[in-house]
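Here are my notes on the model you sent over. Have the structure open while you read, and go through the points in order.

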Amino acid sequence: MADHASICRACRDGNAFETPFSMAFQPIVNRVTGAVFAYEALVRGPAGEGAGSVLGTVDDTNRYAFDQAARVRALELAARLDLPRKAANLSINFLPNAVYRPEACIRTTLETAARVDYPIDSLIFELTEGEAVADAGHLTRIVESYRKMGFKTAIDDFGAGYSGLNLLARFQPDIVKLDMELVRGIDQDRVRRVIVSGIMRICDDLGIAVIGEGVETVGESAALCDLGIALQQGYLFARPGFETLPDPVMSAEPACA
């Protein structure tokens, strides 16, 4: 683990990550209104290569610089593509272990948002359940700080690990994104439907929105609608668009009631 001085230097310098990369964007749709709720920014190589070509170069020596550079790139591209005009949120993945002090390490994000005139109240910061396991207390401080600053937060891949319910007991994000393995074939799998129904009831009681990820079939989408999950993301609607904001395909599927 890098020392605190290294962390702070990385927080001040969002361009220190040396591996070239860019972003693709995938829409999250509202199946009731037909509108795009958000676009998720996904790391890609400079020519659209898979995320692994970039993430494979991230380690403890450059984790902080990568996290900062990814935020900057996502904001710059989203602003260039005029995402705010679409009245949709921008969802950015972040690494909790790359944040030493939330108030200090958010400076580059705030400076970039001001420079490109991006509304911070439309930003969602996503963390994976696996990333959060190491230090839930640290993650709680990050989420609380981000909320005070006006950001929304989300737990990605919820249900992929063993700590999800423990995390919800410690803090409540604005959004939970169901792991795609829970969504896959849910229309034909009673066990998955029962599990997702239970998660939905808990989130409803806690005031947390739920997004179904990895939706690939009309049946999966319909099953999520039946469970009250109108926010959905997946290849059924649109594949990630490299440095573009793809319009989702909605006409062929029945909308949520």
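**Notes on the model**

1. Start with Asp82, which is partly exposed because its relative accessibility is 34% (buried means under 20% relative accessible area, exposed over 50%, partly exposed in between, with a 1.4 Å probe and protein chains only). Look for Asp82 in the loop between α3 (63-80) and β3; helices (H or I, at least four residues) and strands (E, at least two) are DSSP runs, numbered from the N terminus. Asp82 is not a glycine, yet its phi is positive, about 65°. For background, most residues other than glycine have a negative phi.

2. Before going on, a word on the ground rules. This is a predicted model, where local features need pLDDT of at least 70 and side-chain atom pairs count only at pLDDT 80 or more, while totals for chains, interfaces and linings use all residues. Residues are numbered from 1 along each chain as its sequence is written, and side-chain values use heavy atoms, with hydrogens and water left out.

3. Asp157 is another one to check: its phi is near 55°, again positive in a residue other than glycine. Asp157 belongs to strand β5 (residues 152-158). Its relative accessible area is 24%, so Asp157 is partly exposed.

4. Ile155 is also in strand β5. Is Ile155 buried or exposed? Buried, because its relative accessibility is 0%. Ile155 and Ile175 are 20 residues apart in sequence, but their C-alpha atoms are 6.5 Å apart in space.

5. Now to helix α3. Its 18 residues should span 26 Å at 1.5 Å a residue, and the end C-alpha atoms are 26 Å apart, so the two agree (the expected span is 1.5 Å times one less than the number of residues). Of those 18 residues, 14 are buried, so α3 is mostly covered. Asp82, with its positive phi near 65°, follows α3.

6. What about the inside? The largest nonpolar core has 64 residues, and Met23, Phe25 and Leu90 have the most contacts inside it. By nonpolar core I mean a set of buried Ala, Val, Leu, Ile, Met, Phe, Trp, Tyr and Cys residues joined through side-chain atoms within 4.5 Å. Helix α3 gives the largest share of this core, nine residues. Apart from it there is another core, of seven residues, including Ile28, Ile124, Ala154 and Ile175.

7. Two residues are worth a contact check (contact means heavy atoms within 4.5 Å). Not counting residues up to four places away in sequence, Met23 touches a list that includes Ala41, Leu42, Val43, Ala70, Leu77 and Phe242. Asn89 is in strand β3 and counts as buried because its relative accessibility is 11%. Leaving aside neighbours within four places in sequence, the contacts of Asn89 include Phe37, Tyr39, Asp121, Ile124 and Lys152.

8. How many aromatic pairs does a search of the whole structure find? It finds eight. Rings of Phe, Tyr and Trp (its six-membered ring) pair if their centres lie within 6.5 Å; planes under 30 degrees apart count as stacked, over 60 as edge-to-face and the rest as tilted. The rings of Phe17 and Phe21 are edge-to-face, because their planes are at 65°, with centres 5.9 Å apart. Phe17 is buried at 8% relative accessibility, and Phe21 is buried at 13%.

9. Phe94 and Tyr146 make a tilted pair, 5.7 Å centre to centre with 50° between the planes. This pair links distant parts of the chain, 52 residues apart: Phe94 is in the loop between β3 (89-93) and α4 (102-105), and Tyr146 is in helix α7 (residues 136-149). Both Phe94 and Tyr146 are buried.

10. Last, the disulfide (a pair of cysteine sulfur atoms within 2.5 Å). The structure holds one, joining Cys225 to Cys256 with S to S at 1.8 Å. The link of Cys225 and Cys256 is left-handed, with -75° about the S-S bond. Cys225 lies in helix α11 (residues 218-226) and Cys256 in the segment after β9 (241-242), so the pair ties together parts 31 residues apart in sequence. Cys225 and Cys256 are both buried.
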